Amino acid sequence: MPRLLPITAPKRPTRTKKRTALIATTAALAALAAGTPVAYATLGDEAPAASRSTARPAASRGKDYIETRLLFGTERPDGGPAVTDRQFLAFVDEEVTPRFPNGLTIQDGRGQWRDSHRVIERERSYELTLLYPASEARVRDAQVERIRDAYEKAYAQDSVARIEERTTADF
């Protein structure tokens with residue numbers, strides 16, 4: 001009759017081995033995560049071509065555009081009356097539309113910021129979004145600055161905030 005061997009449970013790794021493996025894996029991931037931005041930083045503003053190609057879907061749509069957002073306050077630091085909806089829309093018709101006739105978006109908002117006298121101001125505001133081809137950025141920059149200057153002068157504002165991002169758009 002054949003000799004039967006006793007059944008034994010498979011040998012499990014000890015807690016020490018598991019802990020060592022976990023620490024090694026964590027250290028490797030941390031090194032990769034920390035090293036990646038440093039590597040990109042030494043290469044310039046953009047990630048390597050291989051990384052860029054994986055960032056976008058294979059069938060990307062749209063063209064390169066610039067999205068400029070302008071934030072307009074309505075309270076006047078000089079104590080004058082607040083800018084009304086009618087005044088703001090007239091400003092858009094006179095100053096913005098002639099420079100950006102292809103379209104724009106206006107949103108109502110509530111803003112807060114510290115003024116030039118270090119006082120926190122809360123006010124009704126408008127956010128104006130402009131979208132234009134990246135190839136027109138140089139020409140459009142001057143037009144955006146004229147809009148900002150015109151509003152600051154017309155309504156005694158300390159500033160008009162400008163936010164800009166590169167994006168893609170498809171129409």
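Of the protein's 171 residues, 20% count as buried (under 20% relative accessible area, with exposed meaning over 50% and partly exposed in between, using a 1.4 Å probe and protein chains only). You are looking at a predicted model, in which local features need pLDDT of at least 70 and side-chain atom pairs count only at pLDDT 80 or more, while totals for chains, interfaces and linings use all residues. Residues are numbered from 1 along each chain as its sequence is written, and side-chain values use heavy atoms, leaving out hydrogens and water.

Start with the whole chain and show its surface. The accessible surface is about 13000 Å², and 54% of that belongs to carbon and sulfur atoms (Shrake-Rupley method, 1.4 Å probe).

Now switch to a cartoon. You will find 4 helices and 4 strands, arranged along the sequence as α-α-β-α-β-β-α-β. These elements are DSSP runs numbered from the N terminus: helices are H or I with at least four residues, strands are E with at least two. Of the contacts with a separation of 6 or more, 69% are between residues 24 or more positions apart (contact means heavy atoms within 4.5 Å).

Next, select helix α3, residues 85–96, and colour Phe88, Phe91, Val92 and Val96, which are buried. Look down the axis of α3: its buried residues fall within an arc of 100°, so they line one face of the helix (the arc is that of the directions from the helix axis to the C-beta atoms). An α-helix has 3.6 residues a turn, so residues three or four places apart point the same way. Turn to the other side of α3 for Arg86, Asp93 and Glu94, which are exposed.

Keep β1 on screen and follow its pairings (two strands pair if DSSP finds at least two bridges between them). With β4, β1 pairs in the antiparallel sense over 9 bridges; pick Lys63 and you will see Ala169 of β4 opposite. β1 and β3 also run antiparallel, joined by 9 bridges, and Glu67 has Leu131 in β3 as its bridge partner.

Finish in two loops. Most residues other than glycine have a negative phi. Select Arg118, in the loop between β2 (105–114) and β3 (120–133): its phi is positive, near 70°, and at 61% relative accessibility Arg118 counts as exposed. Then move to Ala156, in the loop between α4 (137–154) and β4 (161–169). Ala156 has a positive phi of about 50° and is partly exposed, with a relative accessible area of 29%.
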